[in-house]
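Subject: Structure handover

Hello,

Here is the structure I promised to pass on. Please open it alongside this note; my findings follow below.

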Amino acid sequence: TVGKFVITGDRATHTRGNFDADLIVTGPSQGGRVLGSVKIDRGIRGSTWDIAGRMGRLVVESVSRWTLNLNASLPKLVVDQAMRTHLRVAGRIGRLTVGRWLRGTIEAQSMGRLTKQPSVGLMAKFSVPFATNRGATLSG
């Protein structure tokens, strides 16, 4: 398990943090999270994350050619720009906040709130039962 995952870059050289690697997290969580909150200062590119268990919120500026396979719920994802990104969440996505989403898929058992920040567009294939989920809202 990983408690908190933060990528900040190097402030002394003004280099912002990217995380461009595959991530596999498994292990007994004993009812808790196998991956706590994640904050990546800049972006995630060209990688696949396989998370076997619950995780905390994820905040990242941009994602490109990234796949998240999560076999539990995702409480919150905040991303300014997403391109060719695939979210495969076995449970519920509590809150998804995006600026621009170009090409990709969003699959979840249910979704609480999808907020689109003012930006260019939202172009993704959704596989979320909005019609049967009373708490689902789309705003922005």
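Two strands count as paired if DSSP finds at least two bridges between them. Keep that in mind for Arg88, which stands opposite Glu107 in β9. One caution first: this is a predicted model.

Strand pairing

β8 covers residues 74–89. β9 covers residues 92–107. Twelve bridges join β8 to β9, and the two run parallel. β8 also pairs with β7, residues 58–70. Ten bridges join β7 to β8, again in parallel. Ser64 has Met83 in β8 as its bridge partner.

The largest pocket

Ser64 and Met83 turn up again here. They are among the residues that lie nearest the centre of the largest pocket, along with Ser62, Val63 and Gln81. In total, 14 residues line this pocket. Its volume is about 180 Å³. By class, the lining has five nonpolar, five polar and four charged residues. Strands β5, β7, β8 and β9 each supply at least two residues of the lining.

Ile40

β5 spans residues 33–51, and Ile40 sits in this strand. Is Ile40 buried or exposed? Ile40 has a relative accessible area of 1%. The cut-off for buried is under 20%, so Ile40 counts as buried. Leaving out residues up to four places away in sequence, Ile40 touches Phe5, Ile7, Gly17, Phe19, Trp49, Val59, Val60 and Glu61. Arg16 is 24 residues from Ile40 along the chain, yet their C-alpha atoms are separated by 9.1 Å.

Best wishes

Conventions. Residues numbered from 1 in each chain as written. Predicted model: local features only at pLDDT ≥ 70, side-chain atom pairs only at ≥ 80, totals over all residues. Heavy atoms only, no water. Helix = DSSP H or I, 4+ residues; strand = E, 2+ residues; numbered from the N terminus. Buried < 20%, exposed > 50% of the residue type's maximum accessible area, 1.4 Å probe, protein only. Contact = heavy atoms within 4.5 Å. 1 Å grid on protein atoms, 1.4 Å probe; cavity = no way out; pocket = protein on both sides within 12 Å on 5 of 7 lines; lining within 4 Å. Points joined across faces, edges and corners; volume = space filled by probe spheres on them. Nonpolar A, V, L, I, M, F, W, Y, C, P; charged D, E, K, R; others polar.
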